Amino acid sequence: MKLYTNLFSPNARKVHAVAKELGLELETQTLDLRAGEQRTAEYLALNPNGKVPTLVDGDTVLWESNAIMCYLAGKGDTELWPKSAKRYDILRWMFWESNHLTNALNRLFGQKFFSSGNPDQEIVDRATKDFRKYATILDGNLSDKKFVTGDTLTLADFAIGVCFGYQVPLELPVDGLDHVASWWTAFSATESGRILLPG
Ligand SMILES: N[C@@H](CCC(=O)N[C@@H](CS)C(=O)NCC(=O)O)C(=O)O
């Protein structure tokens, strides 16, 4: 299996972390995003979005990090992505991550790293408020659980966890969210969780 990737990308790191947790070896090709290697005709034929990550496994070509994570975990029978109704709860949190939490994170990311030092304060304020709103919902969810969907680590923890690796560089509004803090501190200290950290 070959993964087109770049470790600067949180979406790519999620896939690397899940592969590590599953003990899967992936062949990797790093695309230089600054040089535009994600926009070559050859790559756009695989992923018309011109983004990483993309997985190629024989005739299967898959983009969208969360779908790739499900695909990799679905190759076996694992608590990360169990073949039971729990999958729907895991999926719920993965959709929530990409629609809400990452939406706010991306706006902060863009203003911090791609605004040539001139962030738009209105966008930053709005995104900060949104991030806080959704992180608070996660904190409530984690008040009676060790992991996002219960007692065991699942793909939902990987999908969501990568956002919290940016607490310091993006000054994320996470003060007082103690359940999130305990979950993320423990998770990010594991071998696979560490891969979610930027840097
Ligand atoms: N929803 C997609 C997002 C992928 C994405 O936004 N990738 C970014 C890096 S995090 C990228 O490749 N950007 C390069 C570009 O847009 O030119 C996923 O989860 O895979």
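A residue counts as buried when its relative accessible area is under 20%. By that cut-off, W183 and F187 are both buried in this predicted model. The two residues belong to helix α7, where they stand four residues apart, about one turn of the helix.

Across the whole structure, a search finds 14 aromatic pairs. W183 and F187 make up one of these pairs, with 6.2 Å from centre to centre and 40 degrees between the planes, an arrangement classed as tilted. Both residues also belong to an aromatic cluster, whose other members are F131, F158, F164 and W184.

## Helix α5

Helix α5 covers residues 121-141, which makes 21 residues. At the start of the helix, D120 places a side-chain oxygen within 3.0 Å of the backbone nitrogen of E122.

The buried residues of α5 are V124, A127, D130, F131, Y134, A135, L138, D139 and N141. Among the elements that cover them are α4 (86-113), α6 (155-164) and α7 (178-187). F131, one of the buried residues of α5, is also a member of the aromatic cluster that contains W183 and F187.

## The ligand and its surroundings

The residues around the ligand are S9, P10, N11, Q38, R39, G50, K51, V52, P53, E64 and S65. Polar side-chain atoms of two of these residues face ligand oxygen atoms: the distance is 3.3 Å for N11 and 2.8 Å for Q38. V52 takes part through its backbone, where a polar atom is 2.8 Å from an oxygen atom of the ligand. Taken alone, the ligand exposes 510 Å², and the protein buries 72% of that area.

## Backbone features

Most residues other than glycine have a negative phi, and most peptide bonds are trans. The peptide bond from V52 to P53 is cis, with omega near 5 degrees. P53 sits in the loop that runs between α2 (41-46) and β3 (54-57). Both V52 and P53 are among the residues that surround the ligand.

For E64, which is not a glycine, phi is near 85 degrees. E64 is located in the loop between β4 (60-63) and α3 (65-73), and it counts as exposed because its relative accessibility is 51%, where the cut-off for exposed is over 50%. E64 is another of the residues around the ligand. For E171, also not a glycine, phi is about 50 degrees. E171 is part of the loop between α6 and α7, and its relative accessible area of 62% makes it exposed.

## Buried residues in other parts of the chain

Which residues does H16 contact, leaving aside its neighbours within four places in sequence? H16 is in contact with L3, T5, L7, T28 and I195. H16 itself lies in helix α1 and is buried, because its relative accessible area is 18%.

L26 belongs to the loop between α1 (10-22) and β2 (27-30). With a relative accessible area of 16%, L26 is buried. Not counting residues up to four places away in sequence, L26 touches M1, L3, V15, A19, L55 and L72. L26 and A135 are 109 residues apart in sequence, and their C-alpha atoms are 32 Å apart in space. A135 is one of the buried residues of α5.

S192 lies in the segment after α7. Its relative accessibility is 3%, so S192 counts as buried. Apart from its neighbours within four places in sequence, S192 is in contact with A17, K20, E21 and F158. F158 is also a member of the aromatic cluster.

Key: Residues numbered from 1 in each chain as written. Predicted model: local features only at pLDDT ≥ 70, side-chain atom pairs only at ≥ 80, totals over all residues. Heavy atoms only, no water. Expected span 1.5 Å × (residues − 1). Buried < 20%, exposed > 50% of the residue type's maximum accessible area, 1.4 Å probe, protein only. Contact = heavy atoms within 4.5 Å. Polar contact = N/O pair within 3.5 Å; in protein donor to acceptor, adjacent residues only side chain to side chain. Near = heavy atom within 4 Å. Areas by Shrake-Rupley, 256 points an atom, 1.4 Å probe, with all protein chains shown as cover. Phe/Tyr/Trp six-rings, centres within 6.5 Å; stacked < 30°, edge-to-face > 60°.
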